[in-house]
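Welcome, and please open the model in your viewer. We will take a short walk past some charged side chains.

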Amino acid sequence: MADDVALFEINEKSSIPIWLQLKNRFIYLITSGYYKPGDQLPTVRGLAADVEVNYNTVSKVYMSLEQDGYIQSKRRQGAFVSDVSDKPGVSISSTAEIVTQEYLKRCFELGMSLEDIEEQFAQSMSDEKSKRDAAVGARA
């Protein structure tokens, strides 16, 4: 499942724990419509192997997603996406807000000022745009 590896890139250098990176990515994929209600998610064992993280880490993510109502586990069948369209506070913008607040919190924990964070973010955005433009140019 090479597709899963691309979908779930882990930043080992991030101060955000791996399980939370995975959970946030799942929430984004569900709220953005990539995963539709009823879609079966990769198996815990399969995803753990594909993205090279511990089985227990992925299991923790799935349990947390289930507790929050994003997925439903069916014994011996797997995990399936729940319909979250009517769930309050579930949208791409509200999910992005959560991720942004987490990012700011982590940066403050590192001792960064708002100005430091803004400068770091601007540099990261510039780097990503350069990568995107280089990829687009390579395909043209």
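Start by selecting Glu115, Asp116, Glu118 and Glu119, which form a negative surface patch (patch residues have over 30% relative accessible area and no salt bridge, with like charges joined within 9 Å). Glutamate 118 sits in helix H6, residues 114-139, and is exposed at a relative accessible area of 57% (exposed means over 50%, buried under 20%, partly exposed in between, with a 1.4 Å probe and protein chains only). You are looking at a predicted model, where local features need pLDDT of at least 70, side-chain atom pairs count only at pLDDT 80 or more, and totals for chains, interfaces and linings use all residues. Residues are numbered from 1 along each chain as its sequence is written, and side-chain values use heavy atoms, leaving out hydrogens and water.

Stay in helix H6 and pick glutamate 128 and lysine 131, 3 residues apart, or about one helical turn. Their side chains meet in a salt bridge at 3.1 Å, N to O (a side-chain nitrogen of Lys or Arg within 4 Å of a carboxyl oxygen of Asp or Glu). Glutamate 128 is partly exposed at 46%, while lysine 131 is exposed at 53%.

Next, select aspartate 68 and lysine 23, whose side chains form a salt bridge at 2.5 Å, N to O. This pair links distant parts of the chain, 45 residues apart: aspartate 68 is in the loop between helix H4 (55-67) and strand S1 (71-74), and lysine 23 is in helix H2 (residues 18-31). Is lysine 23 buried or exposed? Lysine 23 is buried, with a relative accessible area of 10%, whereas aspartate 68 is partly exposed at 30%.

Conventions. Patches are made of residues with over 30% relative accessible area and no salt bridge: like charges are joined within 9 Å, nonpolar side chains (Val, Leu, Ile, Met, Phe, Trp, Tyr) within 5 Å. Accessible areas come from the Shrake-Rupley method with a 1.4 Å probe; for residues, only the protein chains shown count as cover. Lys and Arg count as positive and Asp and Glu as negative; His and the chain ends are not counted. The place of a charge is taken as NZ of Lys, CZ of Arg, CG of Asp or CD of Glu. Helices (H or I, at least four residues) and strands (E, at least two) are DSSP runs, numbered from the N terminus.
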